[in-house]
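Trainee: I am new to this structure. Please pick one part and take me through it closely.

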Amino acid sequence: MKAPLSSSTSSSSGILRRSRLSTYLYTLLAFIVFVAVIHGEYSIANFGRVDPIIPSPVISTTPVKKREEVVVQLPSFAVEESEEGCDIFSGKWVKDELTRPHYDESECPYIQPQLTCRAHGRPDTEYQKWRWQPHGCDIPRFNATLMLESLRGKRMMFVGDSLNRGQYVSMVCLLHRLIPEDKKSMETYNNDALTVFRVKDYNATIEFYWAPFLLESNSDNAVVHRISDRIVRKGSMNKHGRHWKGVDILVFNTYLWWVTGQDMKILKGSFKDVEKEIMQMSTEDAYRMAMKSLLRWVTRNLDRERTRVFFTSMSPTHSKGDWGGEASKNCYNQTTPIADSNYWGSDSRKSIMKVIGEEFSKSEFPVTFLNITQLSSYRKDAHTSIYKKQWNPLTTEQLANPASYADCIHWCLPGLQDTWNELLFAKLFHPDLI
């Protein structure tokens, strides 16, 4: 017969059981806290809801069917709190000499000579000192450190024409100061069609791909492309699209090359065909064809869990003095923005904006629309005008009349296109903004 346990033995046994139970409880509690933290971090990293934006409130479009909400998850990007419902594309320009410009022209060696206005004699700097102020809210401040860190291990690519290349260079200028000289490089490939800015320590690239129509065309040579008789090949998005696969952030644009004043010539076969079948389409119908092709391509070839897609609206020109001044004037010698909030330049076709709104609203893939047209329309002062590298010698007649050769299409850097990237940054990290 076993001796009964002593009170001290019984007490020790109870303490041991309570100790083991406490260990289990602490372990379970620690596991619950760990799961909660991980879930919280994942939720913060979620890009949030991304719906296609119907562009330009000044355009009357037919009601569109609401699409299901799409959640795009890019775990390395953070989403900060923002003012929901804020339309960052509706506002005014305010003078800001404290925080503008973001960088000096001379300190960014990546700006092409077509955009270095100060180096080519522009006497004023006022065009650099305007900040876009939305009505009733503020644009989230561009954070170069956050942007660069978020690009770690990723590719960002701008695709389109020379205006999109200007925005690409602006993005590089906004970021490059954070990167040591021996840790960054810029190279071109594919006969200059592809430009790659590489950030070595981040295993990241910011790229530009020349495709002025997005579809294949006879203007695809990145160096020699001034062709008056422009031809676009129908259904040819894969020609350029193969270079866009695997990119994490895509920023598209296309507009100016479609506006020829004539119907567009559309090739139904191949450019290699001896006898080419070419049909003519109105600018709007041809542009709609391109938008359908683009949206079909992104739906079939991109992973919505990985890639964010942006589309930048038309960049306005100021080749006609239709802002209330003399009709013969253009952007030459303009030093202040247009004050009339209702101004819409005659060179910016509302019919094209309508096409974009109609087609993007039907997209199965979420595309974020950067509606820079209206806010850029006010900036008649921000063009390169005559202050750029001239590729051909100027004639006596041109020298006598500088307005005759002013470039009222492209924009000085630093300047307006830095604001485009501020808006891109805002939509990238704050998708709830309108």
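**The C117–C412 link and its surroundings**

Mentor: Start with the disulfide that joins C117 to C412, with 2.0 Å from sulfur to sulfur. A disulfide here is a pair of cysteine sulfur atoms within 2.5 Å. The torsion about this S-S bond is -95°, and the link of C117 and C412 is left-handed. C117 sits in the loop between β1 and β2, and C412 in the loop between β14 and α9, so the pair ties together parts that are 295 residues apart in sequence. Those element names come from DSSP runs, numbered from the N terminus: helices are H or I with at least four residues, strands are E with at least two.

Before going on, know what you are looking at. This is a predicted model, in which local features need pLDDT of at least 70 and side-chain atom pairs count only at pLDDT 80 or more, while totals for chains, interfaces and linings use all residues. Residues are numbered from 1 along each chain as its sequence is written, and side-chain values use heavy atoms, with hydrogens and water left out.

Buried means under 20% relative accessible area, exposed means over 50%, and partly exposed lies in between (1.4 Å probe, protein chains only).

P414 lies in the loop between β14 (407-411) and α9 (416-429). A cis peptide bond joins L413 and P414, with omega about -5°.

R100 and P101 are joined by a cis peptide bond, and omega is about 0°. Here is the background: most peptide bonds are trans, and most residues other than glycine have a negative phi.

C108 is another cysteine to follow. C108 and C173 form a disulfide, with their sulfur atoms 2.0 Å apart. The torsion about their S-S bond is about -85°, so this disulfide is left-handed. C108 lies in the loop between β1 and β2 and C173 in helix α3 (residues 162-175), so the pair ties together parts that are 65 residues apart in sequence. C108 is buried at a relative accessible area of 4%. C173 is buried at 1%.

Next, take C86 and C137. Their sulfur atoms are 1.7 Å apart, and they form a disulfide. The torsion about the S-S bond of C86 and C137 is about 40°, so this link is right-handed. C86 lies in the loop between α1 (7-45) and β1, and C137 in the loop between β2 and α2 (144-150), so the pair ties together parts that are 51 residues apart in sequence. Both C86 and C137 are buried.

Step back to the whole set. A search of the whole structure finds four disulfides. Count the bonded cysteines along the chain, and the pattern is 1-4, 2-5, 3-8, 6-7.

S385 has a phi near 55°, a positive value in a residue other than glycine. S385 is placed in strand β13 (residues 383-385). S385 is buried, with a relative accessible area of 2%. N190 has a positive phi too, near 50°, and is not glycine. N190 belongs to the loop between β4 (184-189) and β5 (194-199). With 42% relative accessibility, N190 counts as partly exposed.
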